[in-house]
Amino acid sequence: MSSDFLTNALIAVSLTLVLVGAAVVVFTRQPSKQAVVLSVYGILLSIFFVTLQAPDVALSQVAIGTAVVPLIVVLSIRKIASIRDEAKSEAPSRRQEGEQP
């Protein structure tokens, strides 16, 4: 009886942490900070899956959700920033040549 209560309490606590973490991810404005928060959220999901006795799903979540997805987001942010910088540096040269922006 006691172990059922502890299991349910652990599931409730981990679910609450997952819900709070999801809200933090959604309300984070800057994409670079959001990638870091997304990684923490992946860890919270992994803990939740372990409490639900799904270690295979937890391992997948650690590998993909905690490492790969935030890495892809950060690399995408850097690429977009470099494209914007190139476009800004080319814009004045176009105006000097008489081209329309």
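Let me start with a cut-off: a residue counts as exposed when its relative accessible area is over 50%, and as buried when that value is under 20%. Keep those two in mind. One more thing before we look: this is a predicted model.

First stop, Gln53. It sits in the loop between α2 and α3. Buried or exposed? Gln53 has 69% relative accessibility, so it counts as exposed. Look at its backbone too. Phi of Gln53 is near 60 degrees. That is a positive value, and Gln53 is not a glycine.

Now step into helix α3, residues 55-97. Gln61 is in that helix. Here the accessibility is 17%, so Gln61 counts as buried. What does Gln61 touch, leaving aside residues up to four places away in sequence? The partners are Gly42, Leu45, Ser46, Phe49 and Thr66.

Next, the pair of α1 and α2. Two packed helices are described by the angle between their axes and the distance between the axes. For α1 and α2, the axes come within 9 Å. They cross at roughly 165 degrees. Angles over 145 degrees count as roughly antiparallel, and α1 and α2 are therefore roughly antiparallel to each other. The crossing is left-handed.

Which residues make that contact? From α1, the list includes Leu10, Ile11, Leu15, Val18 and Val25. From α2, it includes Val37, Leu38, Tyr41, Leu44 and Phe48. By class, the contact of α1 with α2 has 14 nonpolar residues, four polar ones and no charged ones.

Let me zoom in on Val18. It belongs to helix α1, residues 2-27. At 7% relative accessibility, Val18 counts as buried. Beyond four places in sequence, Val18 touches Tyr41, Leu44, Leu45 and Phe48.

Last item, the record. An unreviewed UniProt entry annotates "transmembrane region" at residues 6-28, 35-52 and 58-77. How do two of those spans look in the model? Residues 35-52 are 94% helix and 0% strand. Their end C-alpha atoms lie 26 Å apart. Residues 58-77 are 100% helix and 0% strand. There, the end C-alpha atoms are 27 Å apart.

To recap: Gln53 counts as exposed, Gln61 as buried, and Val18 as buried.

Notes
Residues are numbered from 1 along each chain as its sequence is written. This is a predicted model: local features need pLDDT of at least 70, side-chain atom pairs count only at pLDDT 80 or more; totals for chains, interfaces and linings use all residues. Side-chain values use heavy atoms; hydrogens and water are left out. Helices (H or I, at least four residues) and strands (E, at least two) are DSSP runs, numbered from the N terminus. Buried means under 20% relative accessible area, exposed over 50%, partly exposed in between (1.4 Å probe, protein chains only). Contact means heavy atoms within 4.5 Å. Axes are lines fitted to C-alpha atoms, for helices over the stretch in contact, and angles run from 0 to 180 degrees between N-to-C directions. Angles under 35 degrees count as roughly parallel, over 145 as roughly antiparallel, 65 to 115 as roughly perpendicular and the rest as oblique. A crossing is left-handed if the near helix is turned anticlockwise from the far one by less than a right angle, and right-handed if clockwise. Ala, Val, Leu, Ile, Met, Phe, Trp, Tyr, Cys and Pro count as nonpolar, Asp, Glu, Lys and Arg as charged, and the others, Gly among them, as polar. UniProt positions are given in the numbering used here, feature names are shortened, and annotations may be inferred rather than shown by experiment.
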